[in-house]
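Morning, everyone. I'll walk through one protein model, from the whole chain down to single residues. Please have the sequence and the structure open.

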Amino acid sequence: MSLANKYRPTRFSEVLGQPHAVTFLSTVILRKAKPRNLLLFGSHASGKTTLARLYAKALNCSDVAPDGSPCNRCTFCTDVDYEDWEYDVPGTGGEDADIEAWLDGRYRKPTDWKTTVLFFDEAHEIKPKAADSLLKRVEEPLPGVAFVFATTEPRALKNTLRSRLMALEVRRLGATEAVKLLRHVAEREGIAYDIDGLALLASIKRGYPRDLLIGLDQLAGMGPITLQSVKSMFGLDQTERLIDLFLALADADEARQITILADWPEEVGIIVKWIQSFLTSVFYRDILGLDFVGDPITQSITVGRSEILGGFCRRLDVPSQRDLRPFWEPMLSFWDRPSSDHETELQLRLALFQDLVNRRLGEARSALQIGSYESKGESFGIAVPAPAIHPQTSSQSLVEANEKIGQPSNEPNSLDIEGVRAIVNRASALTQATGYVINAAFEISSYPGVKAPTTVARVQRFVRELEEQAAGRPSSLATITLLEAGQFGPVTARICAHLTQLDTPGAQSRVQEWFDAFWQADEGVHDFDRRLSDVKRGMKFHWAEVMGLCAGLGGDSFYPDVGARALMKNLRVQKTRWRQPVAIPYRVLTFTGLVGQDAIEKAASEGMGFLSAYDDRAWRHIKSEWEPKEWLDRNKEFALRRRQIEDLEIFGGDPVQLEEKRRQIRASWLEVKSRPRRWMPWWGLEVDS
Ligand SMILES: [Zn+2]
């Protein structure tokens, strides 16, 4: 028996890494609730069939365990033949007549068992007509019949059917859980291993339980599992040449590059694929610090990575790997266009790539130094739109007035519902457009007896100096400033900021020093507070601080603003953080830099508008951290659009015709919500609750 079958979970407690799905299913069982019709979605080999079978068994077991698991001893548990309930959609074509014939005899009130669980794997291949017939049965199910659909592509399933199912995502295992599983099985089976070998296997198999165990099976036949045995099994010896090549590229050592390439016994097309894959992996993982699922083999390269990055940093004279972003972008986009697989042409492209890395990266550096904070918005995110493009649409819902901080106002003001909306939307747009997050928060409060204009002037100065802290690099600052009536003195300012520099080593202490100096110069006049994030806290810090601003709306017990309390609850702002809004004679809300009016409009042009979970009232998604994924998809779409325009301009021609062609291309670009995405947006899957 294969390890994958032998260790298939037989109770809920053995299912690793799916707390959400397991809790839901065991609750249905324990409450003896009406069996639910399910949609299990997730990558292949993630364990959807296992969950479906556990569910079917537990629904019928006569002696369920306290956690809702089947007993695995009663008549049903020992006699069940799942295959009779499982319909093989791809194998039979998913035609209406076939499915109806199969259902005939199965779709009836069960007499022998309590619940018949009809399972359709690869459900996205069900034909539309068949989906319609199934829909009728799902809508008004016979008592004692439950449907389970499983798919890798939930969005390919017919909308009407999908929306009537309880959708449960089955996720791949995290690295720790994957190693835990491998270790458990290796120990039970007496397979010798070292932990590095298992860790590498876990990262190659990306945390899919069945693949993990199949890999373990293959390796166990070849003796003890070590780093070396895993490497040779999965062809990782290639990666050593790749590392050598990148070390030589980092040092601009042309002679060594030529030797390595000449000794590499692979076709140039394969070498190019390795290079592209490693460039991508380094960009997302090391430079942007994102948990990027790329090619598992290049992702698993650990040895040599920091030497390569260190080499590039030294040569290009930047303090940290994060600063390599502007240099890595041209290397990535060099391979952007689909290249020909003609051997000679690829050789030429490779030589041009070496030339780019060895000589022209330095030029990119001098171009960068000319850039200043004034040029904000011009290099937004990775993809810079071609200058010939004019704005087509903008995301109106996100564009609000951008006033100067603390501008005196005739009408007394305090944070209102529209203000909260602007804060949430712009904070979300920051990450969608740039991948950046709020990573610093400051508070400046006047002491008693201090005049309000003194504090406002102080805050203006503070934000100006913050801009100076960010200077030297374009587009590296965003601030949201909220002025409120102070608790002791007249005014408190709360500032949420993104400072790109903060993500580089040493910058934290530099910002702290500057801040402390600012504060000391003002002792006895203002009270100061600051909180700085680090790369790891990412969006957790971002939303905690942004919601801290929103908490200034209070609830309607304080302020007769209808709906304020409901909004605070929808945003899940803890009640203890709510503050009583008191009007002050100033403009209270200001956005600058990457969340300022210009930057937002610029990024929202070309139909590349932003999503807003707030405007869609998708409250549960506001803090669910989809923005970095959206940012990756945006970049892909952006690059595609830019290429379409570039390709057009290569042919040149009559300006009027050219403009007309441009117009046609722009008209064909997809609306914000219909752009392709590799993540599941809230409108893509209606989950009933
Ligand atoms: Zn049982």
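One term first: buried means under 20% relative accessible area, exposed means over 50%, and partly exposed is in between, with a 1.4 Å probe and protein chains only. By that rule, buried residues make up 52% of the 689 residues in the protein chain.

Now the ground rules. This is a predicted model, where local features need pLDDT of at least 70 and side-chain atom pairs count only at pLDDT 80 or more, while totals for chains, interfaces and linings use all residues. Residues are numbered from 1 along each chain as its sequence is written, and side-chain values use heavy atoms, with hydrogens and water left out.

Secondary structure next. The protein chain has 27 helices and twelve strands. Helices are DSSP runs of H or I with at least four residues, strands are runs of E with at least two, and both are numbered from the N terminus. A contact means heavy atoms within 4.5 Å. Of the contacts in the protein chain with a separation of 6 or more, 76% are between residues 24 or more positions apart.

Let's look at one helix pair. How do α15 and α17 pack? Helix α15, residues 268-287, meets helix α17, residues 305-316, at an angle of about 85°, with the axes 12 Å apart. The axes are lines fitted to C-alpha atoms, for helices over the stretch in contact, and angles run from 0 to 180 degrees between N-to-C directions. So α15 is roughly perpendicular to α17. The cut-offs: under 35 degrees is roughly parallel, over 145 roughly antiparallel, 65 to 115 roughly perpendicular, and the rest oblique. From α15, the contact uses F278, S281, V282, R285 and D286. From α17, R305, I308 and L309 take part. These residues divide into four nonpolar, one polar and three charged. Here Ala, Val, Leu, Ile, Met, Phe, Trp, Tyr, Cys and Pro count as nonpolar, Asp, Glu, Lys and Arg as charged, and the others, Gly among them, as polar.

On to two buried residues. S26 sits in helix α2, residues 19-30. Its relative accessibility is 10%, so S26 counts as buried. A polar atom of the S26 side chain lies 3.4 Å from the backbone oxygen of T23. Leaving aside neighbours within four places in sequence, S26 is in contact with F12, D67 and G68.

L157 is in the loop between β4 (145-151) and α8 (159-162). At 5% relative accessibility, L157 is buried too. Which residues does L157 touch, not counting those up to four places away in sequence? They are L39, A123, H124, R162 and L165.

Aromatics now. The structure holds 26 aromatic pairs. Rings of Phe, Tyr and Trp (its six-membered ring) pair if their centres lie within 6.5 Å; planes under 30 degrees apart are stacked, over 60 edge-to-face, and the rest tilted. Take F334 and W335: the ring centres are 5.0 Å apart and the planes are at 80°, so this pair is edge-to-face. F334 is buried at 16%, and W335 is buried at 6%. One aromatic cluster is formed by F442, F462, W514, F515, F518 and F528.

Last stop, backbone angles. R572 is not a glycine, yet has a positive phi of about 55°. R572 lies in the loop between α24 (564-570) and β11 (584-586), and is partly exposed at 47%.

Conventions
A polar contact is a pair of N or O atoms within 3.5 Å; within protein, one must be able to donate a hydrogen and the other to accept it, and residues adjacent in sequence count only if both atoms are side-chain atoms.
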